[in-house]
Amino acid sequence: MCGIVGYVGGHEASDFLLSGLKRLEYRGYDSAGIATFDTGTNVKIAKTVGRVKSLETMVQDGQTPGRIGIGHTRWATHGVPSEENSHPHCGGKGDQPDVIIVHNGVIENHRTLKIMLEQEGYTFKSQTDTEVIAHLLSHNLQKMYEKKGRLSPEEMSAHQYLPLVEVIRTTLAALNGTYGLGILFRDYPEILCGAKLGSPLTIGVGNGENFIASDPSPFVGYTEKIVTLSDHEIVILSRNDFHVIHRDQGRVQPNICELTLSSNDVDLGGFAHYMLKEIFEQPEALRNTLRGRINHDEATANFGVLRQITPRQLRRIERILLTGCGTSWHAALVGEYQIEAFARIPVEVEYASELRYRNPPINADTLLFAITQSGETADTLAALREMKRKGILSLSICNVVGSSIAQTSDGGIYLHVGPEVGVASTKAFTSQCLALGLLALYFGRTRNVSFEAGLRIIQSIEEVPDKAAKALDVNSHVREIAEKYADARDFLFLGRQYNFPTALEGALKLKEISYIHAEGYPAAEMKHGPIALVDKNTPSVFIVPQDAVYEKVLSNIQEIKARGGPVIAVVGQGDKGIEKLADDVIEIPPTEDFLQPIVTSIPLQLLAYHIAVLRGCDVDRPRNLAKSVTVE
């Protein structure tokens, strides 16, 4: 949920910390702060409520010099957005802190620990759970001093920082919950520490400098080498070296990988907002999801992760469980239709937040797919772990290589769409739908889809990126429609079959970024209650491709018009008949039923975007939301 960064090296730490926090601001923007060591052990802290831009103004006044530091951008969980609750937080009893930390995650037993620490004489200045970690680290540091004496930085280095690692280990053992941590110790101003459990943390390996961050995007322009930490790992970084230690198993040989991001991935590239950029990146994102996954010779899809399952084992699968949250849950609904249509395997779609606490009957012939863009969604990760605990083969559909869900699952299907910075997901949704369509083909070919039918399906799939590109041509027309309805207080989104999930997704996009109340329904369900909401001020957005239920949806439109409701219709190109019924028509390329959500969602994304801009909303950073929900 929050974003953390850290730097140790030969340059001003604040330069990297601020640029890194700007790139991580999609993770939270209630407040921001940095801490550095000025000269020796003199701690400098700057933090403020609001955006990183406000923090940058403070820091430019010369408040935080130093060659080592940590930074944080916050999405509030414990305590309101305030300067006191902003990170970094300090631990210790004196005027100068012993420990300074930044934290992403939630400590579930913080109340119990706080009582214990207060009894030990520690004073709390914030409402956060994070301050508990800072004081607990200080408490354990003092206990180490009582046992071993105060070691100089040179002595600590000679001992390979193992006494300090033990302090961190002891502290982490007392915590229940999740954390990604950046830690500074005042007595050891040459080292930066980090730790991970359930919240992402990545190391940037530089030349005479090293870095940590919640994801690799801050490293672009600074280093091309990264290490992704796994759960229960601790890292100790100095200017010229770093060590990774597993909390229970000792030293770890790090796997240094090449950073695949470029400046084009993390910059706006001439677009006004990241969301608009990512909407227009969808054709290429879809091509990347397809790359290497079509097998014409066998009329099927290629998935390396599924090679471990023999065709005979695949035939034994009796049930597929798809789980996710938010937009990923909507993509799962599309996948349910696709897989059941092609493979005739029963599919269930579960909210990950509910699946975690349910105890549904699951047999050994069930296959789970956890669907996520970030790979860090706390509820999805917890549901995945619960299913693995029950012995179910658990795979993931994910965009971020090395993420927690990718590491935890038995195998993963990566989307390869590049970073998605805008909080409202766009290109990840359409690529998830495409990946699920490929899975439907794969499972279908093991069951009842013929070779010829498989080739026809492949042809339709290969046409989708170009159709998505053509769908983007409606951008200016959609903006004109947005001008008509930007002041509406309520919207209905209606579709049937494959486009019922599209209606849900369209409503979610509008709610997320424009703050307009919107609901998605199957079109036929409209008359079972939602029609009571229809009036001249409530637009209804219908997704009406020419499919098997086309005439039925036209009847639903007539019911809306009979009650004076304005209608926006998303239709296939050349459908002129609907102009007599709808107030506004958006034409998109005709597409096979099972791929329609990929194309029909694009004008809905654009509609939400333009309405939000016209209403003066912060499109990329909508209120109360963060990109990666890493807390429950």
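**Helix pair.** I began with α15 (residues 427-445) and α20 (residues 596-614), whose axes come within 9 Å and cross at roughly 170°. I therefore noted the two helices α15 and α20 as roughly antiparallel to each other, since an angle over 145 degrees counts as such. On the α15 side I found F429, T430, C433 and L434 making the contact, and on the α20 side P597, I598, S601 and Q605. I kept in mind throughout that this is a predicted model.

**L614.** I stayed in helix α20 to look at L614. L614 came out partly exposed, at a relative accessible area of 35%. Leaving aside residues up to four places away in sequence, I listed R479, A482, E483 and A486 as what L614 touches.

**Helix α16.** Next I took α16, residues 451-471, and counted 21 residues. From first C-alpha to last, α16 reaches 30 Å, close to the 30 Å expected at 1.5 Å a residue. Where does α16 have its kink? I found it at V464, shortly before the proline P465, with an angle of about 40°. Both V464 and P465 are on my list of buried residues in α16, which also includes A453, G454, I457 and I458.

**T538.** I then went to the loop between β24 (517-522) and β25 (540-544), where T538 sits. Is T538 buried or exposed? I have T538 down as buried, because its relative accessible area is 6%, under the 20% cut-off. Its side chain makes a polar contact of 3.0 Å with the side chain of D535. A polar atom of the T538 side chain also lies 3.4 Å from the backbone oxygen of L533. L533 turned up again among the residues T538 touches, along with D490, F491, G565 and P566, not counting residues up to four places away in sequence.

The peptide bond from H87 to P88 is cis, with omega near 5°, and I placed P88 in the loop between β4 (68-74) and β5 (89-91).

A299 is not a glycine, yet its phi is positive, near 55°. I found A299 in the loop between β16 (294-295) and β17 (300-301), buried at a relative accessible area of 0%.

R344 likewise has a positive phi, about 60°, without being a glycine. I located R344 between α11 (327-343) and β19 (347-351), in the loop, and noted R344 as exposed, at 57% relative accessible area.

Methods. Residues are numbered from 1 along each chain as its sequence is written. This is a predicted model: local features need pLDDT of at least 70, side-chain atom pairs count only at pLDDT 80 or more; totals for chains, interfaces and linings use all residues. Side-chain values use heavy atoms; hydrogens and water are left out. Helices (H or I, at least four residues) and strands (E, at least two) are DSSP runs, numbered from the N terminus. Buried means under 20% relative accessible area, exposed over 50%, partly exposed in between (1.4 Å probe, protein chains only). A polar contact is a pair of N or O atoms within 3.5 Å; within protein, one must be able to donate a hydrogen and the other to accept it, and residues adjacent in sequence count only if both atoms are side-chain atoms. Contact means heavy atoms within 4.5 Å. The expected span of a helix is 1.5 Å times one less than its number of residues. The bend at a residue is the angle between axes fitted to the seven residues ending there and the seven starting there. Axes are lines fitted to C-alpha atoms, for helices over the stretch in contact, and angles run from 0 to 180 degrees between N-to-C directions. Angles under 35 degrees count as roughly parallel, over 145 as roughly antiparallel, 65 to 115 as roughly perpendicular and the rest as oblique.
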